[in-house]
Amino acid sequence: MALLAFFLFTLLVFSSSSCSAIWFQHPHRYIQKKTMLELASKIGINYGRQGNNLPSPYQSINFIKLIKAGHVKLYDADPESLTLLSQTNLYVTIAVPNHQITSFSANQTTADDWVRTNILPYYPQTQIRFVLVGNEILSVQDRNITANVVPAMRKIVNSLRAHGIHNIKVGTPLAMDSLRSTFPPSNSTFREDIALPLMLPLLKFLNGTNSYFFINLQPYFRWSRNTNHTTLDFALFQGNSTYTDPHTGLVYHNLVDQMLDSVIFAMTKLGYPYIRIAISETGWPHSGDIDETGANVFNAATYNRNLIKKMTAIPPIGTPARPGSPIPTFVFSLFNENKKPGSGTQRHWGILHPDGTPIYDIDFTGQKPLTGFNPLPKPTNNVPYKGQVWCVLVEGANEAELEEALRMACARSNTTCAALAPGRECYEPVSVYSHASYALNSYWAQFRSQNVQCYFNGLAHETTTNPAFSQEMIAASSRALLCEQERLKEI
């Protein structure tokens with residue numbers, strides 16, 4: 001018995017000594033892990049400002065503190081915001097816009113000037129942790145940006161190092177369109193056209209600087225574009241459904257883990273299996289166009305609440321391919337941004353109204369039990385809409401803007417506005433409103449399949465009924481629709 005006790009004591013001392021020795025030999029590993037856990041435990045919020053009804057940076061930052069977010073991501077390096085953030089405990093991410101990437105790549109002095117202007121006056125009082133160079137650069141038509149992003153990132157790192165700054169990581173957010181295939185996760189690879197010219201140098205840079213692969217992750221689009229392939233519960237971290245990867249045997253309980261592991265397997269196939277991953281954007285729209293299935297408050301609140309619960313778990317949950325790995329995460333977004341182009345969902349990702357009141361309740365600390373929130377409105381659009389949809393003008397649309405939209409719609413195709421020519425069936429009544437009502441609906445109906453949206457910079461919206469704003473509007477809208485029906489018969 002005494003011998004056994006001695007053996008256990010010796011083993012304990014040896015283990016403790018070994019652990020201490022490892023810590024003293026590699027203290028940077030301990031510090032890095034501690035930093036990773038701190039970054040991941042503070043859920044971030046994306047603070048975009050593409051709107052004409054948004055509060056000031058002062059008000060917005062106060063709102064961010066009230067919702068108890070731990071990290072704020074800017075899409076620029078706004079001086080007012082950075083000054084205000086110096087008075088908070090928030091971690092901060094700033095960004096270099098896409099259009100500046102090429103100039104950074106070509107000239108170290110340009111990058112030095114940017115760091116001197118946008119980081120040095122604020123750091124370290126403003127707790128800048130990430131600099132993101134560009135945003136979803138693969139969606140930009142200018143191929144020079146893609147070719148120059150990694151050299152631009154290197155120059156920013158050079159400048160930071162020259163000033164003795166080592167704890168600000170540099171990266172670039174990419175979307176899932178960087179992958180050629182994502183299902184099953186183990187089959188994932190990067191697109192052939194970018195794998196060698198972009199992804200390999202990027203991964204080498206991230207690995208060498210111990211930075212993160214930033215991914216903009218939107219399960220809403222993955223689910224809504226193929227509702228028969230993935231269940232809504234799986235996308236919302238709900239239910240008991242699972243998916244088993246046939247090649248690895250890894251079991252998935254939600255769509256986010258599937259998508260994250262797709263990126264991990266793609267990086268592994270290029271020889272970089274250990275680069276850390278961060279989610280630079282993720283969320284769920286609370287509203288959208290009539291045909292945008294599942295965009296509602298119930299789903300948005302459910303997704304973000306469950307996401308935060310998963311990402312703030314202690315110890316970290318990670319993913320099936322990387323269990324226990326902390327993942328810094330930014331929810332998208334603080335406000336709705338009504339000046340964003342595209343479909344209705346693009347303008348409805350916010351968690352707050354402009355006055356700071358919540359669109360739905362959410363706890364960024366992850367400590368509130370999911371059963372502790374107030375009941376949510378029941379969703380009414382979780383299945384595709386089958387009825388008729390019209391594109392009509394909004395009430396009080398600006399006449400000068402309508403004239404510009406009318407010219408745009410009629411210029412693209414000879415058939416769009418043919419019925420508005422003098423003497424034709426839709427020429428009367430002659431007014432900007434009447435002609436624009438016909439033209440925009442005609443244009444939308446003609447090019448809807450090519451991803452044209454019924455928005456026109458806020459001049460129009462979709463409806464399932466003919467809205468009774470006024471007798472003139474009813475007549476104009478009805479006439480436009482009848483004329484459109486006649487035109488389609490002629491085609």
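## Burial and basis of the model

A residue is called buried when its relative accessible area is under 20%, exposed when it is over 50% and partly exposed in between (1.4 Å probe, protein chains only). The structure is a predicted model: local features need pLDDT of at least 70 and side-chain atom pairs count only at pLDDT 80 or more, while totals for chains, interfaces and linings use all residues. Residues are numbered from 1 along each chain as its sequence is written, and side-chain values use heavy atoms, with hydrogens and water left out.

Strand β9 covers residues 212–216, and five of its five residues are buried. (Strands are DSSP runs of E with at least two residues, helices runs of H or I with at least four, numbered from the N terminus.) Y212, F214 and N216 point one way from β9, whereas F213 and I215 point the other way. In a regular strand the side chains alternate between the two faces of the sheet.

β9 has parallel partners in β6 (residues 173–175), over three bridges, and in β12 (residues 276–282), over five bridges; strands pair if DSSP finds at least two bridges between them. P173 has F214 of β9 as its bridge partner, and Y212 has R276 of β12. R276 also lies over the face of Y212, at 4.1 Å from the ring centre. Such a charge has NZ of Lys or CZ of Arg within 6 Å of the ring centre and within 35 degrees of the ring normal.

T172 is found in the loop between β5 (169–171) and β6. Because its relative accessible area is 4%, T172 is buried. A polar atom of its side chain lies 2.6 Å from the backbone oxygen of V133. Beyond its neighbours within four places in sequence, T172 is in contact (heavy atoms within 4.5 Å) with residues including V133, L202 and F214.

S343 lies in the loop between β13 (329–331) and β14 (390–393). With 11% relative accessibility, S343 counts as buried. Its side chain makes polar contacts with the side chains of E292, at 2.7 Å, and T345, at 3.2 Å. A polar contact is a pair of N or O atoms within 3.5 Å; within protein, one must be able to donate a hydrogen and the other to accept it, and residues adjacent in sequence count only if both atoms are side-chain atoms. Outside four places in sequence, S343 is in contact with D289, E292 and Q453.

## Helix α11

Helix α11 (residues 255–269) has 15 residues, and 13 of its 15 residues are buried. N254 caps the N-terminal end of α11, with a side-chain oxygen 3.2 Å from the backbone nitrogen of V256. G271, which follows α11, has a positive phi, near 95°.

## Aromatic pairs and cluster

The whole structure holds 19 aromatic pairs. Rings of Phe, Tyr and Trp (its six-membered ring) pair if their centres lie within 6.5 Å; planes under 30 degrees apart are stacked, over 60 edge-to-face and the rest tilted. F221 and W349 form a tilted pair, 5.8 Å centre to centre with 50° between the planes. F221 lies in helix α9 (residues 219–224) and W349 in the loop between β13 and β14, so the pair ties together parts that are 128 residues apart in sequence. F221 is buried at 18% relative accessible area, and W349 is buried at 3%.

The rings of F237 and Y303 also form a tilted pair, because their planes are at 40°, with centres 5.4 Å apart. F237 counts as buried at 17% relative accessibility, as does Y303 at 0%. One aromatic cluster includes F221, F237, Y303 and W349.

How values were computed: Expected span 1.5 Å × (residues − 1).
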